[in-house]
Amino acid sequence: MHAAITGWGKCLPPAVLSNRDLSTILDTSDEWIVARTGIRERRISHVPLGELAYVAAMRALACAGLDGGRIELIVFGSCSYDDQVPNMASGIQLRIGAQEAAAYDINTACTSFLYGLSTATALIRTGVVRNALVIGAELISPFMDWGDRDVAVLFGDGAAAVVLEASARAEGLLAEKLGCYGEAREILRVHGMGGRYANRGMLYGITRWQFEGQEIFKRAVQGMSGASAEALARIGARPQDVELVVPHQANLRIIEAVAKRVHVPMERVFVTVQRYGNMSAATVPVALCEALEEGRVRAGALLLMPGFGGGLSFCAHAVRWGERTTALGASSAELPPNERSALELIRDCLARKTRPAPATTEPFA
Ligand code: ACO
């Protein structure tokens, strides 16, 4: 039994935050950001995470020609929940009318969608469910420290989803390598997100980022390229068999370094980082949707999806695409209209920031 990807859909908030916009609030420049990261702009959401994810989910369901009521499992990959209890997946279950579906959230930071793809595929392969909706969605902007140029230029908001259905054909996720550099977990920590900050007189989400960019860069290249080699080896595939790499997109230089180590030319790597920056868990599924829209995914193609994220988690997924590369239907689901600019939306985030989070990493300190 396999788990074919039969539907896909994305939802990008409309407000665009350009590098030039950022240079009006931070000591940075378009030249620096483009040269060091490849990022030109990113999106800032005017709606909560659940709204972005719902629209992406409805589009993925329409693409698969499946009614929400038939979905048996919802996996919501994210690290920027609207709420931790109740979880995000149950909100999607309610809104799409999947009354019988199991629903859980999964958080491995930027790799959450790919880890979700693994768990959902495994539950289909073992016959626990017959189909699944896997979401990668992220609302980083409310958690961003907009005064910190080291990180504020790197991230954006977005969401995307895929539908998986049981199939006797060898398609969908064929093999993956999952891993984590736990010893390096302190090189990326967002202070202010999590239980250690609860009931301490602070508002949830007042954040400060502990972020060692160069060390993350090195580990990202090492983790993604090693996992890619291992995932391909598990199915006996060679780099030349890979038709398209759809990687996690945090920095163009990281993507180029991984492609070089995996021995796949950049012409066969799909890049979106210039448009959206790093959307964490939403990055890979949004890129997958756009690769399909642009006709870059051929029927029967072997895709490679390497990722890394906080933790530091890393992984690579080898996916065999099925016969269909076009949508069966379209959804009428849309975000509510937005009147405000991205800079105005960020100013709202800044206005909510009234107290700094404590520097300590000790629980209950
Ligand atoms: N604008 C202008 N200058 C800047 C900016 C900025 N936005 N940010 C940093 N600088 C400065 C630094 O202060 C430093 O100045 P100095 O030399 O006077 O000290 C200089 O630029 C060089 O900084 P470096 O950190 O050496 O720059 P580097 O080339 O390493 O690029 C970057 C930094 C882009 C962060 C890179 O290391 C990177 O992409 N790392 C990976 C980070 C990442 O993608 N993390 C995502 C994980 S997300 C997740 O899992 C949730």
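Ala, Val, Leu, Ile, Met, Phe, Trp, Tyr, Cys and Pro count as nonpolar in what follows, Asp, Glu, Lys and Arg count as charged, and the others, Gly among them, count as polar. With that settled, let me turn to the structure above.

This is a predicted model, in which local features need pLDDT of at least 70 and side-chain atom pairs count only at pLDDT 80 or more, while totals for chains, interfaces and linings use all residues. Residues are numbered from 1 along each chain as its sequence is written, and side-chain values use heavy atoms, with hydrogens and water left out.

I begin with the largest pocket. On a 1 Å grid over the protein atoms alone, a pocket is an open set of points with protein on both sides within 12 Å along at least five of seven lines, whereas a cavity is a set of points where a 1.4 Å probe fits but cannot get out; lining residues have an atom within 4 Å of a point. Grid points are joined across faces, edges and corners, and a volume is the space filled by probe spheres set on the points.

The largest pocket has a volume of about 1300 Å³. It is lined by 45 residues, of which Leu188, Arg189, Val190, Trp209 and Phe211 are the closest to its centre. Two or more lining residues come from each of H2, H6, strand E9 (188-191), strand E10 (208-211), H7, H8 and E12; helices (H or I, at least four residues) and strands (E, at least two) are DSSP runs, numbered from the N terminus. H7 supplies the largest share of this lining, with 4 residues. By class, the lining comprises 22 nonpolar, 15 polar and 8 charged residues.

In total, 24 residues surround the ligand, and the closest are Thr28, Arg36, Gln214, Asn251 and Gly310; a residue counts here if one of its heavy atoms lies within 4 Å of the ligand. H7 again deserves mention, giving 4 residues, the largest share of the shell. The shell divides into 11 nonpolar, 8 polar and 5 charged residues.

Next, the polar contacts (pairs of N or O atoms within 3.5 Å; within protein, one must be able to donate a hydrogen and the other to accept it, and residues adjacent in sequence count only if both atoms are side-chain atoms). The side chain of Arg149 places an N or O atom 3.0 Å from an oxygen atom of the ligand. Gly213 uses a backbone N or O atom, 2.9 Å from a ligand nitrogen atom. For Gln214, a polar side-chain atom is 2.5 Å from an oxygen atom of the ligand. The ligand on its own has 1000 Å² of accessible area, and the protein covers 75% of this; areas come from the Shrake-Rupley method with a 1.4 Å probe, and for residues, only the protein chains shown count as cover.

There is also 1 cavity of 30 Å³ or more. The largest cavity has a volume of about 40 Å³, and its lining consists of 7 nonpolar residues, with no polar and no charged ones. H8 contributes 3 residues, the largest share.

Finally, the backbone. A cis peptide bond, with omega about 0°, joins Val85 and Pro86. Pro86 is found in the loop between strand E4 (73-77) and helix H4 (88-96).
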